[in-house]
Amino acid sequence: MGDNTPLLPDRMQQGDFFVCDIFDAAPKGDMASMEHPVFSISTKPDRRIRRYENGDHFIEITPSVKGVATVHDRDILIFCISQVIAAYNEGRQIEQTVRFKARDFLAATNRGTDGRGYEQFIAALERLRGTTVTTNIVTGGVEQTRIFGLVESADVVRQTRDGRMQDIEVRLSDWVFNAIKGREVLTLHRNYFRLRKPLERRLYEIARKHCGQSNEWRIGLTKLRLKCGSNSSDKEFRRLVTKIVDEDQEHNHIPDYRLVFDSEKDQLVVLNRQTMKKVDAYPEWIRVIVLDGDTYDEAREAAPGWDPYYIEQEWRDWLANAQKAPPKKPELAFIRFCAKFYELRGAPP
């Protein structure tokens with residue numbers, strides 16, 4: 001990329017880490033908030049009450065007087081989820097309350113560590129705590145209508161003499177924690193935190209959730225506007241999306257996916273750059289599993305409307321993370337996974 005790249009400067013010095021998906025859910029962004037418009041993409045305080053429906057599922061977002069939590073505020077949840085998942089993968093006991101250094105968060109999410117960075121962090125915590133979610137979307141295999149904040153609470157545990165935050169404790173909502181325990185998370189690209197525009201981040205989240213490891217995925221602009229939670233007119237939203245598409249054509253800056261606009265069908269086309277973890281990165285016992293053709297036909301019946309190869313990728317990811325013994329009957333195990341997948345998610349959007 002040239003000097004005119006749309007990406008923010010890379011301030012991160014550490015390697016990749018886990019991030020999350022909440023609603024169905026998890027850069028082990030939680031999958032639910034990646035699919036549904038939980039966070040605002042507005043650059044000004046957004047005080048609208050928003051409701052989004054998809055089949056039998058709904059989500060309603062009610063802001064506080066300081067506005068609804070933004071896509072950039074979501075970085076705190078991503079960071080917390082990543083810490084919990086990392087602890088789980090290391091065999092440590094996981095807790096709903098996550099304690100961390102404010103500076104570590106700022107560095108890991110590519111933010112400045114000056115006074116302004118700390119002020120923005122506090123403001124983000126306030127919006128996360130003040131935003132109220134009402135939903136019946138499943139996390140961790142549990143469906144019930146819940147009313148909750150995006151975080152239960154947040155505490156500044158210790159401050160240095162100059163008043164800067166030092167240690168922070170964030171208690172995650174039951175909804176988010178259920179998503180973590182249910183392994184309903186996805187890994188985000190490190191450059192997600194370098195995307196400048198809120199809409200760029202939202203488009204990447206949606207692509208990561210719906211395109212996944214598939215080669216291509218499409219969505220109409222009208223439905224995309226709803227999934228983004230945009231308050232723009234159709235005409236203005238189309239202009240904003242096509243501008244990002246044009247910039248991506250020039251700079252290739254959107255991680256993992258290439259964006260194309262199909263003007264004839266008025267659709268955004270998402271193309272997989274093939275930069276994500278491939279199957280050969282799985283343990284040997286997963287790599288040797290080969291499903292026969294009839295299994296995919298049964299998978300289509302168990303999860304109508306879904307691409308069985310997409311669900312297979314989800315299944316293999318789940319096997320890699322579940323830390324269980326290899327299934328004795330892989331075909332049967334996969335079909336059962338498809339049925340459960342459809343039970344939790346319903347028909348594809």
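Strand 9 (257–262) and strand 10 (residues 267–272) run antiparallel and are joined by six bridges. Here strands are DSSP runs of E, at least two residues, and helices are runs of H or I, at least four, numbered from the N terminus; two strands pair if DSSP finds at least two bridges between them. Within this pair, Y257 stands opposite N272 of strand 10.

This is a predicted model, where local features need pLDDT of at least 70 and side-chain atom pairs pLDDT 80 or more, while totals for chains, interfaces and linings use all residues. Residues are numbered from 1 along each chain as its sequence is written, and side-chain values use heavy atoms, without hydrogens and water.

## The sheet and its helices

The open sheet has three strands in the order 8-10-9, with antiparallel pairing. Strand 8 (216–220) and strand 9 are at the edges with a single partner strand each, so one side of each has no neighbour in the sheet.

Helix 6 packs on this sheet and touches strand 8, strand 9 and strand 10 (contact: heavy atoms within 4.5 Å); its direction makes about 100° with that of strand 9. Such angles run from 0 to 180 degrees between N-to-C directions, with axes fitted to C-alpha atoms, for helices over the stretch in contact. Helix 7 (residues 221–228) lies across strand 8, strand 9 and strand 10, at about 90° to strand 8.
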